[in-house]
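User: I would like to learn how to read a model one feature at a time. Please give the general idea, then the case here.

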Amino acid sequence: LMEIKPEDVRQAKAKLLLPNKHAKRGDCLAGKTVNNYLRTLRTAFDWATKTYDNFENNPVYNVETEVQDHYEHRILTDEERATLFGIIRLRTNPYLETNTSKELHDFVTWGIWIGSRKGETLALHWDNIDLQKEEITFDHAIRRYECAETKMVNGELICEYNTNVRSKGLKANTKQRTISFSDTPKIRELLLRRWSQRSGNAIFTEDCRTAWESCLKEAGIENFRYHDLRKTCGSYLYQNDESLEDIAYYLGHRSTATTELIYVKKDNEASKKMGRALTKRMG
């Protein structure tokens, strides 16, 4: 740690911010993600300054943080959900010239019913599905792009990327989780149909990003990302009086605090209910 200087941290941050040449729009890590890296590193140096007498300066404090996108998750309303699926069904009609990928309908259905992360969904193989017990086991995740090699070219740091890296384990060091779809006929029908039409071991082969964004635009749904289907799933469960513990397990959270903070939407009706309860008690 004592050998690391502010310039070393700046170079590492610049590496994280390199545009990804494999992405459609030159994507790189979001500012929030880069700042999370810096915050974690800063904590390590703070520990060192308190532990060692000859360790005086934390180099991370001399590195500027990135501007963060203050995007907030949101859920689909019932009307938006009906409109979106209506457009997707129309676009997957094989008789239309503007036929969107048939993967999209199943990919969106999976997201809103199962609530798994995109990386977990793309990593699913048929080995993860038990059609007899009607269970799904999540034990891997896909990271779309991973830096495989870095080198200096004409004084610039260049990163070579691997795509679709299937990494062992899930988010937050969770090894695996298993959920049942025995009482979810839509998912059972989806899996049986895809099993009969399978051409490989992967259940989903693409994330249908272009088709997804096009359908959102046509439906007039703004400020919505695929990951918000996961929040929609959790919020629907909460609004139907399911416990935070059960929702946390279903979504794969280690703590119910995460479920409540990020994925559970408590609307104004909950506040009105509290007001009615106080009025009834105190008049």
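User: What joins the side chains of Asp139 and His140?

Analyst: A polar contact of 2.7 Å joins them. The term stands for a pair of N or O atoms within 3.5 Å; within protein, one must be able to donate a hydrogen and the other to accept it, and residues adjacent in sequence count only if both atoms are side-chain atoms. The Asp139 side chain also makes a polar contact of 3.0 Å with the side chain of Asn128. The model is predicted: local features need pLDDT of at least 70, side-chain atom pairs count only at pLDDT 80 or more, and totals for chains, interfaces and linings use all residues. Residues are numbered from 1 along each chain as its sequence is written, and side-chain values use heavy atoms, with hydrogens and water left out.

User: Where does Asp139 lie?

Analyst: Asp139 is in the loop between strand E2 and strand E3 (140–153). Helices (H or I, at least four residues) and strands (E, at least two) are DSSP runs, numbered from the N terminus. Counted this way, the chain has 11 helices and 5 strands.

User: Does Asp139 count as buried or exposed?

Analyst: Asp139 counts as buried because its relative accessibility is 15%. Buried means under 20% relative accessible area, exposed over 50%, and partly exposed in between (1.4 Å probe, protein chains only). Of the 283 residues in the chain, 36% are buried.

User: Which phi value does Glu134 have?

Analyst: Most residues other than glycine have a negative phi. Glu134 is not a glycine, yet has a positive phi of about 55 degrees. Glu134 is placed in the loop between strand E1 (129–130) and strand E2 (135–138). Its relative accessibility is 17%, so Glu134 counts as buried. Asn223 is another residue other than glycine with a positive phi, near 55 degrees. The loop that holds Asn223 runs between H7 and helix H8 (228–239). At 47% relative accessibility, Asn223 counts as partly exposed.

User: Now helix packing. At what angle do the axes of H3 and H7 cross?

Analyst: Axes are lines fitted to C-alpha atoms, for helices over the stretch in contact, and angles run from 0 to 180 degrees between N-to-C directions. The axes of H3 (residues 78–91) and H7 (residues 209–219) cross at roughly 125 degrees and come within 9 Å. That angle makes H3 oblique to H7: under 35 degrees counts as roughly parallel, over 145 as roughly antiparallel, 65 to 115 as roughly perpendicular and the rest as oblique. The crossing of H3 and H7 is right-handed. A crossing is left-handed if the near helix is turned anticlockwise from the far one by less than a right angle, and right-handed if clockwise.

User: Which residues in H3 and H7 meet?

Analyst: Contact means heavy atoms within 4.5 Å. From H3, Thr83, Leu84, Ile87, Ile88 and Arg91 meet Trp212, Ser214, Cys215, Leu216, Glu218 and Ala219 of H7. These contact residues divide into 7 nonpolar, 2 polar and 2 charged. Here Ala, Val, Leu, Ile, Met, Phe, Trp, Tyr, Cys and Pro count as nonpolar, Asp, Glu, Lys and Arg as charged, and the others, Gly among them, as polar. Ala211 counts as buried because its relative accessibility is 13%.

User: How do H4 and H6 cross?

Analyst: The axes of H4 (residues 103–114) and H6 (residues 185–196) come within 10 Å and cross at roughly 145 degrees. This crossing is left-handed. The contact of H4 with H6 divides into 6 nonpolar, 1 polar and 5 charged residues. H4 residues Glu103, Asp106, Thr109, Trp110, Trp113 and Ile114 meet Lys186, Ile187, Leu190, Leu191, Arg193 and Arg194 of H6.

User: With which residues is Gly115 in contact, leaving aside its neighbours within four places in sequence?

Analyst: Gly115 is in contact with Trp110, Arg230, Cys233 and Leu251. Gly115 belongs to the loop between H4 and helix H5 (118–122), and is buried, with a relative accessible area of 0%. Gly115 and Lys231 are 116 residues apart in sequence, with 7.4 Å from C-alpha to C-alpha. Over the chain, 64% of the contacts between residues at least 6 apart in sequence join residues at least 24 apart.
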